[in-house]
Amino acid sequence: NPAMATDGSRIADSLAGIFAEIEAGLAAEHTATPSLTIQPTRLHTLLAHGVDQLAASAASELGWEIVAPLPFGRALNVAINAQPYTRADGLALLAGGDASDAAVQARARGIRHWSDRARLFQLADRDEEIAALFEATLASPQDASRARHFHAAAAAQAALAGRVMVEQSDLLIGVWDNCSRDGVGGTGHTIVRALEIGMPVLLL
């Protein structure tokens, strides 16, 4: 989202403030009921470039466990979410290597960094199929049919990972502009899923 590029510090500060309030609430609960066993706090996040990684950073500062239900196996997740522009960079990332494009490589580095620090749950059962679609789309960027098939498959996996995240959480924090109707697997879709099952949602 364009707002993310210009307003990342405000989002990071807001997330840090919310997490600090959660910590304060847990501390107050423990003080009021010392015999109460409070489980370690976990952050569930898909580790995507942007808000997910800002949240992971804030959670890490507090010593929270980070749990990541990835839409794909780790290598494919890096390759897709680094958003390569060329087939060569896509294949390099799939093989665990580096992208030649600096911006793509920076995104890949961020995803790998947080993947190393999280407990991963990889939804990799469709990786072979989706990797083939991914490669075909990069090989023929003007082929609308191939792009449509790839994006549909990737979105379905993102929606599944979002469902896992929601069903394992007590609170969903959604950072959304209320305008980007990004369809299946996107922020709005995940927020609706949380509301449907009765989960509280804090919307920024």
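Select F19 and W64 to begin: both are buried, where buried means under 20% relative accessible area, exposed means over 50% and partly exposed lies in between (1.4 Å probe, protein chains only). What you have open is a predicted model, in which local features need pLDDT of at least 70 and side-chain atom pairs count only at pLDDT 80 or more, while totals for chains, interfaces and linings use all residues. Residues are numbered from 1 along each chain as its sequence is written, and side-chain values use heavy atoms, with hydrogens and water left out.

**The aromatic pairs**

A search of the whole structure finds two aromatic pairs, counted when ring centres of Phe, Tyr or Trp (its six-membered ring) lie within 6.5 Å, with planes under 30 degrees apart called stacked, over 60 edge-to-face and the rest tilted. F19 and W64 form a tilted pair, 4.7 Å centre to centre with 35° between the planes. Because F19 lies in helix α1 (residues 2-32) and W64 in the loop between α2 (51-61) and β2 (65-70), the pair ties together parts 45 residues apart in sequence; helices (H or I, at least four residues) and strands (E, at least two) are DSSP runs numbered from the N terminus.

Next select F134 and F150, which form a tilted pair at 5.6 Å centre to centre and 40° between the planes. F134 sits in helix α6 and F150 in helix α7 (residues 144-167), 16 residues apart, and both are buried.

Leaving aside neighbours within four places in sequence, I80 is in contact (heavy atoms within 4.5 Å) with F72, I130, F134 and F150.

**The salt bridges**

Finally, select R163, E167 and R193, which are linked in a network of salt bridges, each bridge being a side-chain nitrogen of Lys or Arg within 4 Å of a carboxyl oxygen of Asp or Glu. The closest N and O atoms of R163 and E167 are 3.0 Å apart, and those of E167 and R193 are 2.7 Å apart. E167 lies in helix α7 and R193 in helix α8 (residues 187-196), so this second pair ties together parts 26 residues apart in sequence.
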